[in-house]
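This report goes through a structure chain by chain and then residue by residue. Please keep the sequence and the 3D view open while reading.

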Amino acid sequence: MGRTLAEKVWDDHVVRRAEGEPDLLYIDLHLLHEVTSPQAFDGLRANGRPVRRLDLTIATEDHNTPTLDIDKPIADPVSRAQLETLRKNCAEFGVRLHPLGDVEQGVVHVVGPQLGLTQPGTTVVCGDSHTSTHGAFGALAFGIGTSQVEHVLATQTLPMARPKTMAITVTGELAEGVTAKDLILAIIAKIGTGGGQGYVLEYRGEAIEKLSMEARMTICNMSIEAGARAGMIAPDRTTFDYLRGRDHAPVGEDWDAAVAYWETLRTDDDAVFDAEVVIDGSALTPFVTWGTNPGQGAPLSASVPDPASYEDPSERLAAEKALEYMGLTAGQPLRDIKVDTVFVGSCTNGRIEDLRAVAEVIKGRKVADGVRMLVVPGSVRVALQAVEEGLDKVFKEAGAEWRHAGCSMCLGMNPDQLAPGERSASTSNRNFEGRQGKGGRTHLVSPPVAAATAVLGHLASPADLTDATATATAGAR
Amino acid sequence: MEAFTTHTGRAVPLRRSNVDTDQIIPAHWLKKITRDGFEDGLFEAWRKDPEFVTNRPERQGATVLVAGPDFGTGSSREHAVWALQNFGFKAVISSRFADIFRGNSLKNGLLTVVLPQETVDRLWELTEADPTAEITVDLVARQVRAAGIEAEFELDDNARWRLLEGLDDISLTLQNEADIARYESARPSFKPRTIAL
């Protein structure tokens, strides 16, 4: 019988298989950052263990880094100590590190792909749940905890139970103005935050094949929000074209050998998935969340749902609590929801195509009065590219703040946070209670929706912006 | 790792679904570089409410958390497990756990027990009606017991054995050093490397 993409990559990494035990899986690439690694390095030290494969390990600083005044010492002593700990650990063990201020620094899931380290058919892990991002290349990539970080540092392997596989087939083509973010939010709303538990998702179908690499990364990134550790997309011409010429992409004979292997990484026609979901991509419209988990979403054209409409009692209770926390009432049109802050960035939507999409909408317009807009590039390389294209000027002229690279307000570990009761439209991945700051309220949106929302001050799509709005808003300033 | 065989204690019934790791331990706590001292961060936002279940006098010293479905969703932060343990929890019962959280818990000796929602409902009713009611989580017999309730749970033999013995996963894996070395010697040359050695 044929095998799925996930099964092929899995099988190619089994170091040891024994009855009654999890498979021992080899890890091709281990990404580290400051937050989930200090206790792992402590464990190595306590047991006198070295890092087994320094050549398969790389670190950067992202979660806890400031996005302002990066040339000055970090104000918060606890944050500073954590970054210094990473630097000390990397120096002591010999791990390659791209610290704050380095040209390759950035959100770990933006850095890996842009360096060409993320490649088809590899296994990629990181102490961060959004490691699923790298599955866009046909890699098997998943987030791990700190104990597992230590395990991989020491052994370059992980004992893992073989996951089940789920096909998510997206038919048709996404309509103009509908992005990968809208698609993945719609998928999560359909299968639920627990729908992917125990599965590796494979996104396939016409709509997926037509996506750029960056859009595919947006999709795979949020697999974890559906409960799946990993999401994958079969590598194709788009993948190879993205990789060719990057720093760590293979060259010469290695390139040819790699492509020959990569081309085998497709689910066989006779392979059987453990579960299958089909979504009509052509029917989708811009999608946003109204609640406090990423599955609580709806088309922007819809209204806040009535909790009473849920049959499942725990879903009903969750919806009631979400509306209370979010300060929303059932039946309120989503377009009427006013925001205080717009955040553009994160490993979900902090790449150059995302910034271009925002700039295209906001160019010549102004951020609405009383709205703060933060644009945080996913990496220094993304920032440099944006500057080269003049996007930073577009953002600044519109009244947005152009910041340095990092995770920033996606998780609010650094000073970029919402104040209690503040509401954001955010291109990030989690709308959990307090995620972007204590008492903050988050609506997950696509980059174009974020831009239109910034201009109008309420949840909106670019289609809501008329030329008249542009002139009027611009004139008002 | 701390071994787990059987534990009996009073319960904290937490009638919430999708308790994500940001609720279990908010991000600002993640700046710490130790595995301890997270107890005050556990459910930090909810605990501001004096009526929140863990603040109730009758719940002090309770060691078994009984939560709604999809417990531990979201980030991979192992700090969530440490926070629960630092606070005093020995076991968490839910009808569904997020994968990464579950893996992290079992690596630290915090037993996460999956039971059908009907059984979770009965445990809620029992422990809400009688806060002194005790729950026994027995890994040897793979059973949860409380007054009038006896429920079997599943945990694969390998994970169970590691927990019962409190084994160190890394030491176990390093016993397979020869297999790892053999695998490494056959890896294709086109695989990426972060540095030239």
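Predicted model: local features only at pLDDT ≥ 70, side-chain atom pairs only at ≥ 80, totals over all residues.

Which backbone oxygen does the side chain of A:Thr131 reach? The side chain of A:Thr131 reaches the backbone oxygen of A:Asp128, at 2.4 Å.

## Chain A as a whole

Chain A contains 17 helices and 19 strands. Its C-alpha trace spans about 65 × 55 × 45 Å along the principal axes. For 477 residues, a compact globule would have a radius of gyration near 23 Å; chain A has 22 Å, so the value agrees with that expectation.

Of the 477 residues in chain A, 66% are buried. Among the contacts in chain A with a separation of 6 or more, 75% are between residues 24 or more positions apart. The accessible surface comes to about 15,700 Å², and 50% of that belongs to carbon and sulfur atoms.

## A:Thr131 in its loop

A:Thr131 sits in the loop of chain A between β6 (123–126) and β7 (140–143). Is A:Thr131 buried or exposed? Its relative accessible area is 0%, and the limit for a buried residue is under 20%, so A:Thr131 counts as buried.

Apart from neighbours within four places in sequence, A:Thr131 is in contact with A:His109, A:Val124, A:Val125, A:Cys126, A:Ala141, A:Phe142 and A:Gly143.

## A:Lys8 in the helix α1

A:Lys8 belongs to helix α1 of chain A, which covers residues 5–11. Its relative accessible area is 8%, and therefore A:Lys8 is buried.

What does A:Lys8 touch, not counting residues up to four places away in sequence? The residues are A:Arg3, A:Thr264, A:Leu265, A:Arg266 and A:Asp268. With A:Arg266 there is also a polar detail: the side chain of A:Lys8 reaches the backbone oxygen of A:Arg266 at 2.6 Å. A:Ile144 is 136 residues away from A:Lys8 along the chain, and the C-alpha atoms of the two are separated by 21 Å.

## A:Gly2 before the helix

A:Gly2 is found in the segment before α1 of chain A. At 8% relative accessibility, A:Gly2 counts as buried.

How far apart in space are A:Gly2 and A:Thr267, C-alpha to C-alpha? The distance is 7.6 Å, while in sequence A:Gly2 and A:Thr267 are 265 residues apart. Leaving aside neighbours within four places in sequence, A:Gly2 is in contact with A:Asp268, A:Asp270 and A:Ala271. A:Asp268 is also one of the residues that A:Lys8 touches.

## Chain B

Chain B has seven helices and seven strands. Along the sequence they follow the pattern β-α-β-α-β-α-β-α-β-β-β-α-α-α. The C-alpha trace of chain B spans about 65 × 40 × 25 Å along its principal axes.

Buried residues make up 59% of the 197 residues in chain B. Of the contacts in chain B with a separation of 6 or more, 67% are between residues 24 or more positions apart. Chain B exposes about 7,900 Å², with carbon and sulfur atoms supplying 49% of it. It has 24 positive and 31 negative charges, whose mean positions are 4 Å apart.

How values were computed
Residues numbered from 1 in each chain as written. Chains lettered and ligands numbered in written order. Heavy atoms only, no water. Helix = DSSP H or I, 4+ residues; strand = E, 2+ residues; numbered from the N terminus. Rg over C-alpha atoms; globule rule 2.2 N^0.38 Å. Buried < 20%, exposed > 50% of the residue type's maximum accessible area, 1.4 Å probe, protein only. Contact = heavy atoms within 4.5 Å. Areas by Shrake-Rupley, 256 points an atom, 1.4 Å probe, with all protein chains shown as cover. Polar contact = N/O pair within 3.5 Å; in protein donor to acceptor, adjacent residues only side chain to side chain. Lys, Arg positive; Asp, Glu negative; His and termini not counted. Charge placed at Lys NZ, Arg CZ, Asp CG, Glu CD.
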